[in-house]
Structures are given as C-alpha cells and as structure tokens.
Amino acid sequence: MPGQILPPGQLPSPCYIIDENRLENNLRLLQGICQRTGCRILLAQKAFSCYALYPLISRYLQGTAASGLYEARLGREEMPDGEVHVFKPAFTAAEFAELLPLADHLIFNSGQQLQKFAPQAQSAGKSCGLRVNPEFSTQNHAIYDPCAPGSRLGVRRTDFNPDWLPLLDGLHMHTLCEQNSDALIQTVAVLEEKFGEFLPHMRWLNLGGGHHLTKPDYNLPALEECLLYLRQKYDLQIYLEPGEAVALDCGFLHTTVLDVLPAQAGSPQCAILDGSAACHMPDVLEMPYRPPLQGSALPGELPYTYRLGGATCLAGDVIGDYSFAQPLQPGDQLTFEDMAIYTMVKNNTFNGMPLPAIVLHNAAGEYILHKEFDYADFKSRL
Ligand SMILES: *Cc1c(COP(=O)(O)O)cnc(C)c1O
C-alpha cells in the first residue's frame, strides 16, 4: 500500500529508491551557488519529475524548467510558488494557449515561433526568450550535442534578426551535458562573441542545464566567477536549469537475479535480472554507459565476472559486465546506483515489463512505499 513503511530487506523488486538526505545535500550545494552569485536555479523536470520531492526541492530552488505543456503543468501544480520556464522546439497554438497561464518564461526555438506567439505572451505579462545556438561543441556524445552541424535546437547568429529584440526579454542556451565549468566558460566566451551585442537589451540569460554542479570535482568557484561576471557586465538575471545535478547520486534501482546461465567460451557468464536496461534505465543503452553497482568491481577484478542482462527479449538488453567476490545465485539482490535521474521519467513497459515500484528513503531512515504499478499501467496506454 502506498505510504506504507517497508522493513529494510523487504523492498519490492525491482524498485527505484530515492534518498532524501542525498537530495537535500545536493540542494544545499545549489542553494549556496544562488546565495553567492544571485543566480536562480530551476529543476529541469525532464531529468527528475518525482513530484513527491518537490516540496523539499522548492525550499532550495526557485522553480521548474519544463519541456512542454505537461511538465509546465506539473511544475505549476506541484511547486506552485516557484517560477515555471518552458522551452520547446515548437509549440502548437492549442498547446500554447493552455501553457500561457501556467508559465512565467516562454522560450522559443525560432524567429517564426517567436513572432507567432510572443505578442500574446507579452500582453499576458509573460517574459519571452529565444534559444540561441553558439555553434560551439564541447563534448562528444552526438545525441546530446545541440551544437552539432545541422542541429535543430537554437537560433544561430546568422539567422538572428535584430528586429526581434522588442519581443525579447532574455536569451537561453543549452549546450552542455555532464560538464564542468571550463566548458561553460569557453561557451560563454563564444556566446559573447556572437550574441554579446544583444545582451545589454536583455533582462535575463538562461544558461540551460548540463552543468555537473554536484559532482565532487566540479569547479564551483570558476562557475561563480563566470556568473558574477555576466551579471555585472550586462546587468542580467542569470538562470541555470540543471536536471541531472539536482538528483545526481540520489537514487538506486534495486533488482533481483532471476537466473544464471551456463558459461560460454570467450564471453562472461550471463545473469538475468528482474530489471531491464531497455525498460528501466534506458540511458544505459542510449548514452551508453555502465551504471555503478554496489558490491561489484570491473570485469575480472574480482573472481566471478558476469554479464548482467534484463528479462526482456531484446538481445541488447545488457546492463554491463561486472565482477563479484562470490558467484551470483538466483535470489541475490543487486542495487544499481545513480538511478534517480533520467530513469522514472523515461521508463517504459516494452515486452509488458512491469514498472519498478518507487520507494522513498526519508530523512528519518525509513523506507516508504510511494508508488506501485501493475497490469493496468501497461494496458491503459495501449
Ligand atoms: C535537458 C535539458 C536540461 C537539463 O539538462 P541536464 O543535463 O539534466 O542538467 C535543461 N535545459 C534544457 C533546455 C534541456 O533540454
């Protein structure tokens, strides 16, 4: 039953576990950036929308960033005192009409969309911005690089028309992914080179997400110097809208080994879990990456190496290769780390796979069952 306190050791499998103490530690760090620089930080809901935690998040951050109507509505409903900022590559007229009363900042992706919608937004007293593309890539994950040639995200300097300035209160850019402040500082230099002449006309500058602020090696002083510089030089309200950094390392995916298959020459032995990369941690396949797993090491480091896979029929539903001190057995429990972000918001019921339950590990150390899913969640979408 949702709300029920679970005895530790009796968690449902699979389940996501969200750790509120860890989340609050991240939030304290983010609040410090705001206090020292005057910037405002929004939760990018795209990464983490488990709104049971929004009351906690709203004590530290200034609002939510949304990718469209539904996230904007969730932000408005569940973090009602926060700001709601929306960017979408293209809005429909019907969507925009519903969005308008919910949003504070509306950020457009082209001059055409800006000219179509900004006049009504301005009459409604809303703040309008344009996403720009500095065309400066600082990372190699092509799927996450909005500065790659041919990108559909953001207006390039050659396409920017100064006639639009009366419609604009701010500029937005989002070009980073899991990056440190050096990448931001380099990108800001290019932004200034290309769009600096327009910044004195703006009230705000939104530097998007992708800042790995809560990673232990993140250079906060360098970030803060950059934010203060922008604020002072152009008299701008600076916004950051991290997703990942808000809930970085705040969640787990708890799974159970269902079967261990016979060894095959030349490959690690396969173990099948009740969780799935394809359904429950899709970024493992999309990014791709090897998620940390408690009690394990790199393949070959400990005596028993396994290839861990999901219980779907997708041959590529493989989480990765891991080694263990003891042989794996059916019934063993395996807990993957850093599973709060880009998991619950992206999971799916491919193959009719059940969705993991969601458990909150609260500040008092209790495990609270927050959500359970069943057949109806699979059937109702089809
Ligand atoms: C994805 C996204 C974010 C959040 O990115 P993170 O990498 O999770 O910090 C913020 N703003 C925009 C426009 C995005 O598309």
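In this predicted model, F350 counts as partly exposed, at 41% relative accessibility. The residue is found in the loop between β15 (333-337) and β16 (357-361). In sequence, F350 and C313 are 37 residues apart, yet their C-alpha atoms are 9.6 Å apart in space.

With a relative accessible area of 0%, L253 is buried, and its place is in strand β11, which covers residues 251-260. L253 and L293 are 40 residues apart along the chain, with 9.3 Å separating their C-alpha atoms. Another buried position is E24, which has a relative accessible area of 14%; because buried means under 20%, this residue falls within the class. E24 belongs to helix α1 (residues 20-37), and its side chain is joined to that of Y60 by a polar contact of 2.5 Å.

We turn next to the aromatic residues. Across the whole structure, a search finds 13 aromatic pairs. One of them brings together F96 and F108: the ring centres are 5.8 Å apart and the planes stand at 35°, so the pair is tilted. This pair links distant parts of the chain, with F96 in helix α4 (residues 93-99) and F108 in strand β6 (residues 105-108), twelve residues apart. Both residues of the pair, F96 and F108, are buried.

A second pair, F160 with F195, is edge-to-face, with 5.8 Å from centre to centre and 75° between the planes. F160 lies in the loop between β7 (127-131) and β8 (170-172), while F195 lies in helix α6 (residues 181-195), so the pair ties together parts of the chain that are 35 residues apart in sequence. Both partners fall into the buried class: F160 has a relative accessible area of 5%, and F195 has a relative accessibility of 0%. Beyond individual pairs, F91, F96, F108 and F117 form one aromatic cluster, so F96 and F108 take part both in this cluster and in the tilted pair described above.

Charged groups also meet aromatic rings in the model. The charged end of R131 sits over the ring of F87, at 4.8 Å from the ring centre. In a further example, R290 lies over the face of Y322, 4.1 Å from the centre of the ring.

For G210, a backbone N or O atom lies 2.8 Å from an oxygen atom of the ligand. For E241, an N or O atom in the side chain is 2.8 Å from a nitrogen atom of the ligand. For G243, a polar backbone atom is 2.9 Å from a ligand oxygen atom. Taken alone, the ligand exposes 390 Å², and the protein buries 88% of that area.

Definitions and conventions: Residues are numbered from 1 along each chain as its sequence is written. This is a predicted model: local features need pLDDT of at least 70, side-chain atom pairs count only at pLDDT 80 or more; totals for chains, interfaces and linings use all residues. Side-chain values use heavy atoms; hydrogens and water are left out. A polar contact is a pair of N or O atoms within 3.5 Å; within protein, one must be able to donate a hydrogen and the other to accept it, and residues adjacent in sequence count only if both atoms are side-chain atoms. Accessible areas come from the Shrake-Rupley method with a 1.4 Å probe; for residues, only the protein chains shown count as cover. Rings of Phe, Tyr and Trp (its six-membered ring) pair if their centres lie within 6.5 Å; planes under 30 degrees apart count as stacked, over 60 as edge-to-face and the rest as tilted. Helices (H or I, at least four residues) and strands (E, at least two) are DSSP runs, numbered from the N terminus. Buried means under 20% relative accessible area, exposed over 50%, partly exposed in between (1.4 Å probe, protein chains only). A charge sits over a ring if NZ of Lys or CZ of Arg is within 6 Å of the ring centre and within 35 degrees of the ring normal.
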